[in-house]
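Me: I have a structure that I would like to go through step by step. Could you help me read it?

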Amino acid sequence: MDDKVVTMDDQIVSELTIPENVAKELLLVSNSSSLETALDKLIELSKERGGRLDLSSKNVVTTVLHLCHSLSSISYRNLLLLSLKVLRNLCAGEIRNQNDFLQQRGVEIVLDVIMSVGLSPDPDCMIIRVGLQLLGNYSVGGGERQCDVWYQLFPHKFLKIARVRNQEICDPLCMVIYTCCDGTDGLLTDLCSQQGLPILFEILRTALAVGLKEVWLKLLLSKLCIEGSHISSIFFKLHSYPSVENNGVVAHVADQFVIEQPYLLSILSEILNERVEHIVVSHDFARSIFGILKSASGVVDFSIRGKSDLPVGSAPIDVLGYSLTIMRDICASDHLSSSKEESSRDVVDVLVSSGLIEFLLNLLRDLEPPTTIRKAMKQDQIKEGTIPSSFRCCPYQGFRRDIVAILGNCAYRRRHVQDEIRDKNGILLLLQQCVIDEDNPFLREWGIWCVRNLLEGNAENQGAITDLELQGTVDVPELVRLGLRVEVDPVTRRTKLVNSS
C-alpha cells in the first residue's frame, strides 16, 4: 500500500492512505481529477440502469469496496458516505454488481463502516441510512444474498441499529429485514423467535417515538401479522418486554396494555384500510384480533363517556378501538386466503363461528341510547351527561358506530349472519342505530347500511319488522322516513323501534 496525495475539491489531503490502483481506477473510470469528484460522478452515472450495467463491466463495485476498507474511520466520513451511495446505486437491480459485492465480502465491509463510523457515540444517521439502503438493494437479489446479510446482522447488529431512535434509520432497517425475509419462511421464524422479537419491539418503539408509519414498516408488519401468524406472539409479548428508556434502568410495566400495543394495531388498521381489497388476511390474524378485542373489552372503563376519536391516549381504550376498526375492514369484503388449508372458509365465517355476532350484539345492547334518543326522553328521568347504572358509555367517539359497521359488513349477502342476528333479537337493536348520534359520527349512515343488509333477500327479517306493534313512542325524523318510531319502555327506560304504520 503506497502513500498517495489525492485532491478533494482543490484541497490537499495528504493523510489519506489509499492503494494507488484504487485511486487511479476511480479517477480513470469517471474521467475526474479528484477522488470526491470521481465519486460524485459515479453516483450520477449509477442512477440509471444503463449506467449501472456499463459500470458493472469496469469492476467499480470491487474498487469502491477496497476504498471503503481503506477509509473505515470517522475522519473520512464524507468519502465513506459518497462511496456507500455509489455502491447503493450499483446494487439496485444489477445482478453482476450484486455478485461482485458478494464475492468481495461487501456486507462485512459495509457493516464495519456502519458499526465503527455510523454507530459511534454520536450516531451518524446518514451513514447508517445509506448503508442499510445498500444492504436492502443487495438482498433483493434473493437466495444467498439474503442469507449473507441476515446471518451477519441477526440478531445483535440488527438490535443495536434498531435502538437508534431516528426515522431516517428505522425505515431502511425495515427494508433490509423485509427483503431478507421475503420468500424465506425460516428467517421469518427467526425474527419471531426469542432472539428476534426484541428487534421488532425496538423498531416499534423507535417508530412510535418518531411518528414513523412508512412503507417498509407497513410491509414488514403486514407480512408478519396480517398475512402471517405472528400477531399474538408480537402483541402480547410487547407487554412483558422490559423498558430501558429511563436512564438505562430496566423496568417492567404493570398495566394491562402498554402504549406500543395500540400503536401496532393502529398501523395494522391503516394497512387494512389502504389495501382492503388486495391484502391477504390469515385466519390466525382474524382470530387473534378478535381475542385482543375481547381482552380489551374486559378492562376498559365504560362508565366515562369518551370525548374524542381514536387515539384517546388510554392504551386499553385505543386497543379496543383499533381492534374494532381492524375487524370492520376485515369484514368489509371477501378476502383471499393465505393458504390452501384456509381457502375453503371465508375469514368472516371463521369469526362468526367464533361468536363474533353475539359478542358485538351484547356490547351494543349494554350501551346507553344514542344522543338523539336520549334527548327525546324525559329530562327528569335521564339527565344529559349522567349515566344510569344499567347503561354503559361509549369510551371513545365512534365506538357504537364501529360495532354497527362490523355487524353490517358481516351481514352483507350472508344469510346465516342475517338469521343469527334475528335469532338473537338483534334486529330491533340495530334499527335503533339509524339515528344521528353526537358521540358517533356517521352512525345513521352505518345503521341504515346495516339494516339494508339485514333485510336484503331475507323474508323472515322483513317480516320481523312488519310485525312490530306500535306502543308509546318518540318521534325521530330519520326513522319516520323509514316508517319507524322509537318506543321507550316506561319501566326499564330502554328503547326499541316499532312500525309506525
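Me: What should I know about the model and its numbering?
Reply: This is a predicted model, in which local features need pLDDT of at least 70, side-chain atom pairs count only at pLDDT 80 or more, and totals for chains, interfaces and linings use all residues. Residues are numbered from 1 along each chain as its sequence is written, and side-chain values use heavy atoms, with hydrogens and water left out.

Me: How many helices and strands does the protein chain have?
Reply: The protein chain has 27 helices and seven strands. Helices (H or I, at least four residues) and strands (E, at least two) are DSSP runs, numbered from the N terminus.

Me: And what percentage of the residues is buried?
Reply: Of the 501 residues in the protein chain, 54% are buried. Buried means under 20% relative accessible area, exposed means over 50%, and partly exposed lies in between (1.4 Å probe, protein chains only).

Me: What about contacts between residues at least 6 apart in sequence?
Reply: Among those contacts in the protein chain, 73% join residues at least 24 apart. Contact means heavy atoms within 4.5 Å.

Me: Let us turn to helices. How do α4 and α5 cross?
Reply: Helix α4 (residues 60–70) and helix α5 (residues 77–90) have axes that come within 10 Å and cross at roughly 155°. Therefore α4 is roughly antiparallel to α5. Axes are lines fitted to C-alpha atoms, for helices over the stretch in contact, and angles run from 0 to 180 degrees between N-to-C directions. Angles under 35 degrees count as roughly parallel, over 145 as roughly antiparallel, 65 to 115 as roughly perpendicular and the rest as oblique.

Me: Which residues meet there?
Reply: From α4, V60, V61, V64, L65, L67 and C68 meet L80, S83, V86, L87 and L90 of α5. The residues of this contact of α4 with α5 comprise ten nonpolar, one polar and no charged. Here Ala, Val, Leu, Ile, Met, Phe, Trp, Tyr, Cys and Pro count as nonpolar, Asp, Glu, Lys and Arg as charged, and the others, Gly among them, as polar.

Me: At what angle do α8 and α9 pack?
Reply: Helix α8 (residues 125–139) and helix α9 (residues 144–153) pack at about 140°, and their axes are 8 Å apart. Therefore α8 is oblique to α9. L135, Y138 and S139 of α8 make the contact with R145, Q146, D148, V149 and L153 of α9. The residues of this contact of α8 with α9 are four nonpolar, two polar and two charged.

Me: Is α20 mostly covered or exposed?
Reply: Helix α20 (residues 356–365) is mostly covered, with seven of its ten residues buried. These buried residues are L356, I357, F359, L360, L361, L363 and L364.

Me: What do they pack against?
Reply: The buried residues of α20 pack against α17 (283–297), α18 (315–330), α19 (347–353), α22 (399–411), α23 (415–423) and α24 (427–431).

Me: Now the loops. Where is P155, and which residue does a cis peptide bond join to it?
Reply: P155 is in the loop between α9 and α10 (156–162). The cis peptide bond joins F154 to P155, with omega about -10°.

Me: And what is the phi of N59?
Reply: Phi of N59 is near 60°, a positive value in a residue other than glycine. N59 belongs to the loop between α3 (49–56) and α4, and N59 is partly exposed, with a relative accessible area of 43%.
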